[in-house]
Amino acid sequence: MIVAVLLLLLAGCDSGSRAPADPFATPRSGGVLRLALSADPVSLDPFTASNYAVAYGNLLSAIYDPLVWVDPSTGSVQAHLAESFTPDATARVWTLGLRPGVVFSDGTPLDAAAVKANWQMHADPASHSAYAPAAAGLKLTILDPLHLAVELPAPNAHFNRTVANGLSYVASPRALGDPKALAVRPVGAGPFVLAEHGPGRIVLRRNASYWQPGRPYLDEIDAQVVPTDKTVPGAIADHTVDLGTVTSPLTAKEAADRHLGLVDLHLSGGLMLLFNTRRPPFDTPAARHAIADSLSAAEMDRRFAGGLGSAARGIFSDTSPLANNQLGAKDDDPQAAAAAFDMLTAGGKKPFDFTFLTVGGTSSGPPPEAVYIQQQVQRFPNVHMKIEVVDTATLIQRNVSGDFDVVLSGLWMSDPEPVLFDFLRPSSPTNISGYANQEVTDAMNDARLLVQMDARREQYTRVQVQLNKDLPFWVYQQAANAVVFEPRLTGIQPFADGVLLFDRIGLRK
């Protein structure tokens, strides 16, 4: 979809004076940016590190620079380290053209051979790449030092979005021979290089061999883990950090109340309950619908987002040109829930037990969302929900291994390609629910061949209709991602779920 960007220009302080935040002014040279992190990264290589903004996407962007990225103001794919990336008439063979003169921080040229080596490593199971599906089956041919022909296993008119989502960060070929070293000593062609890496803090310094003269503007990025008892706006107000990405309407409001700069991204996806469809009790649609019918998206927004969010009506946002807003999944139907649970419990004679896996517990107990869900479903005879609170690393591991019943999750996408495709495709590593339906797979494959919005919408309507029947996940709140920043910063250009281009960010003049 085309991502609408709302710029809220809020009052802020700069050197003791009041000035409006301006995300797109021209920065001055020099200075340090303090970047918010949610946790210490286990890896900083392009293969296993999470490239979400709420994870480590900003670090990867600063170290590697993207080949291509999706412009949130237009939805178009923009070249960056690449000069061009175009398909042939069949959309099966794409040609990647690279900028001349780009070198990695170790002096190695960023050329077609470097991209080929990286994409082959993504496809190699030994790399354990999170983005392996994007590289699987690619036939890569070096046409000349700056041009790579990419033959796909099947036509895909949106393969440039696939690259932007998972294959856009390229490491030096010299570093690929030692993956363990690359994970802690990344070597990219981006505007910054790793200088220090310790618990709770990572320091990046200006790349002296960066390909753009006069860039980056900043001298240093000081990335720090924000304590779990503090929000990103709170950390900015305390002068601990200067910038971060948030995913809660309440946190975005806090940023506005604190007179911080805010770039709000209207993405599809959002917060959801995700069911493990591989095993009981959620291997049947009836069980999944019983949970959704027990709950109210509007009530969850009122309770946990202060009524500031938007209750979801499916996987697409209201503003997406691909959305069919007549097809929202049903919720808040206690009578339907009672009937379903009556069947599942044989009239209350046998238990319906499941575990809700989540992070974010407090000293006073589990997250309030989990408590609300537990209270709602346990209204029905012999229905029992256990809440299990784990840390983020354990949650990710349990999700990937399929060791859960239902989990509070999130999905953010500027376009269904390739995020939704991989989220729903059988055998994909990101298909956490284990969902498989041939009608959905066929519709998504058909959509891959289309570029006209009306034709794509027709195929994604097929997807939405089937998802409403099967309900492998229930989206209850539309995505609320926003970049929050100290108003003395400018050059704020987000992409993906709020990752930034670090060649243009800096302190205001």
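**Salt bridges in a predicted model**

By salt bridge I mean a side-chain nitrogen of Lys or Arg within 4 Å of a carboxyl oxygen of Asp or Glu. Salt bridges that share partners also join Glu-196, Arg-201, Arg-205, Glu-220 and Asp-222 into one network.

Before going on, a word on the source: this is a predicted model, where local features need pLDDT of at least 70 and side-chain atom pairs count only at pLDDT 80 or more, while totals for chains, interfaces and linings use all residues. Residues are numbered from 1 along each chain as its sequence is written, and side-chain values use heavy atoms, leaving out hydrogens and water.

Why might such pairs form? Side chains of opposite charge can pair when their charged atoms come close.

Now, are the partners in our opening pair buried or exposed? Buried is under 20% relative accessible area, exposed is over 50%, and partly exposed lies in between, using a 1.4 Å probe and protein chains only. Asp-422 is buried at 16%, and Arg-425 is partly exposed at 21%.

Next, please find Arg-398 and Asp-403, whose side chains meet in a salt bridge at 3.0 Å, N to O. Here Arg-398 is buried, at 13%, while Asp-403 is partly exposed, at 33%.

Arg-201 is partly exposed at 35%, and Glu-196 is partly exposed at 35%.

How many salt bridges does a search of the whole structure find? It finds 28.
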